[in-house]
Amino acid sequence: MNQIARLASLARPFAVVATRLLPETRLISVRVRLLRFAGATIKQYAGIVGYQAMMSPEDVFIGEGAYVNTGCLFMGGAHIDIQHYAMIGPRTNFVTAIHSGEDFNEIAFYPITVESYAWIGAGVTICPGVTIGHHAAVAAGSVVMRDVAPHTRVAGNPARALPSSMRRDAQSAMA
Ligand SMILES: CC(C)(COP(=O)(O)OP(=O)(O)OC[C@H]1O[C@@H](n2cnc3c(N)ncnc32)[C@H](O)[C@@H]1OP(=O)(O)O)[C@@H](O)C(=O)NCCC(=O)NCCS
């Protein structure tokens, strides 16, 4: 490894921390570049505001035109896939790890997917292995433990399906 590559690999873990210094809603392209340098894959037109806690940025994929609001937690160890034009509300937790019941030190990681055009409200926790289907909506504060089918809406802890009108209301609430 040459000197520059060595310096880059030393600097990489600090790139996520450096985004804390940026204004919440400005310099988005600088934030995106720093997170890419840290190892995350971020496609064009993706919008990311505020600080994102990425424990393992190389596991994070953010698709074209997706939007991630402030204060989310991206745990690592397994892939976290935010597909194109998905919208992620503030303080969403992508929790990929499960501790074994037998031995607390044993940890397994499972991937999380948010499919295209899905909408995640504020303060949602998405549990290991969950896929949120395309065009689905998750209400604020939900804890999602199971897959959410495309075009459905869920709310609560544990998140359960809600009547179909909510999707429309969720979209107009976002407008
Ligand atoms: C999704 C949302 C817009 C739905 O609003 P709505 O369509 O007006 O929903 P309603 O108030 O008609 O409620 C419909 C049902 O869903 C339930 N519900 C709605 N939101 C809920 C939530 N966040 N958690 C638990 N239950 C919820 C209601 O209790 C109601 O159940 P009931 O019929 O048994 O009484 C709203 O609840 C929400 O979560 N907004 C999040 C906004 C947000 O996070 N914005 C971030 C932008 S970046």
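Reader: Where is Leu27 found?
Author: In this predicted model, Leu27 has a phi near 55 degrees, which is a positive value in a residue other than glycine. As for its place in the chain, Leu27 is found in the loop between helix 1 and helix 2.

Reader: Are helix 1 and helix 2 roughly parallel or roughly antiparallel?
Author: The axes of helix 1 (residues 3-18) and helix 2 (residues 28-38) come within 8 Å and cross at roughly 150 degrees. Angles over 145 degrees count as roughly antiparallel. Therefore the arrangement of helix 1 relative to helix 2 is roughly antiparallel.

Reader: Is the crossing of helix 1 and helix 2 left-handed or right-handed?
Author: The two helices are the ones whose axes cross at roughly 150 degrees. The way helix 1 passes helix 2 is left-handed.

Reader: How many residues of the contact of helix 1 with helix 2 are charged?
Author: Helix 1 brings Arg12, Ala15, Val16 and Ala18 to the contact, where they meet Leu34, Leu35, Phe37 and Ala38 of helix 2. Seven residues of this contact are nonpolar and none is polar, and the number of charged residues is one.

Reader: Which strands are the edge strands of the open sheet of five strands?
Author: The order in this sheet is 1-4-7-12-15, with parallel pairing. An edge strand here pairs on one side only, and this holds for strand 1 (41-42) and strand 15 (131-132).

Reader: Which residue in strand 7 stands opposite Phe61?
Author: Strand 4 (residues 60-62) pairs with strand 7 (residues 80-82) in the parallel sense, over three bridges. Within this pairing, the residue of strand 7 opposite Phe61 is Asp81.

Reader: Which strands stand at the edges of the open sheet of seven strands?
Author: This sheet has mixed pairing and the order 2-5-8-13-16-18-19.

Reader: What is the bridge partner of Val154 in strand 19?
Author: Strand 18 and strand 19 run antiparallel and are joined by two bridges. The partner of Val154 in strand 19 is Ala161.

Reader: Which residues does the cis peptide bond join?
Author: One of the two lies in the loop between strand 18 (153-155) and strand 19 (160-161), namely Pro158. Omega of the bond is about -5 degrees, and the residues joined are Asn157 and Pro158.

Reader: What is the radius of gyration of the chain?
Author: The chain has three helices and 19 strands. For 175 residues the globule rule gives 16 Å, and the chain comes close to that, so it is as compact as a globular protein of that length. Its C-alpha atoms fill a box of roughly 60 × 45 × 20 Å along the principal axes. The radius of gyration is 17 Å.

Key
Residues numbered from 1 in each chain as written. Predicted model: local features only at pLDDT ≥ 70, side-chain atom pairs only at ≥ 80, totals over all residues. Axes fitted to C-alpha atoms, helices over the stretch in contact; angles between N-to-C directions. Helix = DSSP H or I, 4+ residues; strand = E, 2+ residues; numbered from the N terminus. Parallel < 35°, antiparallel > 145°, perpendicular 65-115°, else oblique. Left-handed = near helix turned anticlockwise from the far one by under 90°. Contact = placed C-beta atoms within 7 Å. Nonpolar A, V, L, I, M, F, W, Y, C, P; charged D, E, K, R; others polar. Pairing = 2+ DSSP bridges. Rg over C-alpha atoms; globule rule 2.2 N^0.38 Å.
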